[in-house]
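Please keep the sequence and the coordinates in view while reading.

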Amino acid sequence: MPGVRTVNYLEKLCGKYSHPSLYVVILTSEDNAAFAKQAIKYGARAYISKSVSMSDLKKIVRRVVENDEVIINVNGNKEDGTMPLTKEEIEVIRLLVKGSTNKEMAQKVHRTEAAIEARKRSIRNKLASEGVSNDASLGYWACKNNLMED
């Protein structure tokens, strides 16, 4: 199910039919980082190369379910493209780039403003190695990594 059709299925499955306990994990022979980011954008929780070991596959799926992480693993390399962001952190990033204030974000994700600020701090720490140090650089990172919703 490679290519554009997969994205259409993801959009329907993760949008219209979405359920909080639904975790879409893509196991693929297509080692394409750009498509992986697009799949994550449309709701997949993990994009994993079929060349990954069974042991690493189990670890990745466990991280997705237990820690609410989003993971990209291409070329079977467990360090390649891992994006240890939770679903809520990705939502905060998307709201930030849309120009939402902390108060607006807090209302939309049902958290306090202090919790939103703590979440943004956590995101900046996770992405510091990629040059993210403030809201502006976080917004730039989100656009560069195709995390924006259409």
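Predicted model: local features only at pLDDT ≥ 70, side-chain atom pairs only at ≥ 80, totals over all residues.

Residues are numbered from 1 along each chain as its sequence is written, and side-chain values use heavy atoms, with hydrogens and water left out.

The protein chain comprises seven helices and four strands, where helices (H or I, at least four residues) and strands (E, at least two) are DSSP runs numbered from the N terminus. Along the sequence these elements follow the pattern α-β-α-β-α-β-β-α-α-α-α. Of the 150 residues of the protein chain, 39% count as buried, a term that stands for under 20% relative accessible area, with exposed meaning over 50% and partly exposed lying in between (1.4 Å probe, protein chains only). Among contacts in the protein chain with a separation of 6 or more, 45% are accounted for by residues 24 or more positions apart, contact being defined as heavy atoms within 4.5 Å.

The nonpolar interior can be considered next. In soluble globular proteins, nonpolar side chains tend to be buried together. A nonpolar core is here a set of buried Ala, Val, Leu, Ile, Met, Phe, Trp, Tyr and Cys residues joined through side-chain atoms within 4.5 Å. The largest such core has 30 residues, of which L10, L138 and W141 touch the most other members. At least two residues of this core are supplied by each of α1 (4–16), α2 (33–41), β3 (69–73), α4, α5, α6 and α7, and α4 gives the most, with five residues. Another core, of seven residues, lies apart from this one and includes A46, L57, I60 and I71. Leaving aside its neighbours within four places in sequence, L138 is in contact with I93, L96, I123, L127 and V132.

Which residues of α6 are buried? They are I116, K120, I123 and R124, and they cover an arc of only 100 degrees around the axis (taken from the directions from the helix axis to the C-beta atoms), which puts them on the same side of α6. On the other side of α6, A114 and N125 are exposed. The buried residues of α6 pack against β4 (85–86), α4 (87–97), α5 (102–109) and α7 (135–144). The helix itself runs over residues 113–126, and at 1.5 Å a residue its 14 residues should span 20 Å, which agrees with the 20 Å between its end C-alpha atoms; the expected span is 1.5 Å times one less than the number of residues.

The structure holds seven salt bridges, each being a side-chain nitrogen of Lys or Arg within 4 Å of a carboxyl oxygen of Asp or Glu. In one of them the side chains of E88 and R119 meet at 3.1 Å, N to O; because E88 lies in helix α4 and R119 in helix α6, the pair ties together parts that are 31 residues apart in sequence. E88 is buried, with a relative accessible area of 17%, whereas R119 counts as partly exposed at 24% relative accessibility.

Within helix α6, K120 and E117 lie three residues apart, about one turn of the helix, and their side chains meet in a salt bridge at 3.8 Å, N to O. E117 is partly exposed, with a relative accessible area of 26%. R124, which is buried at a relative accessible area of 16%, forms a salt bridge with E117, the closest N and O atoms being 3.5 Å apart. Salt bridges that share partners join E117, K120, R124 and D135 into one network.

Is K120 itself buried or exposed? K120 is buried, with a relative accessible area of 3%. Not counting residues up to four places away in sequence, K120 touches V92, L96, N102, M105 and D135. With N102 the side chain of K120 makes a polar contact to the side chain at 2.7 Å, where a polar contact is a pair of N or O atoms within 3.5 Å; within protein, one must be able to donate a hydrogen and the other to accept it, and residues adjacent in sequence count only if both atoms are side-chain atoms. K120 and D135 are 15 residues apart in sequence and 8.1 Å apart in space, C-alpha to C-alpha.
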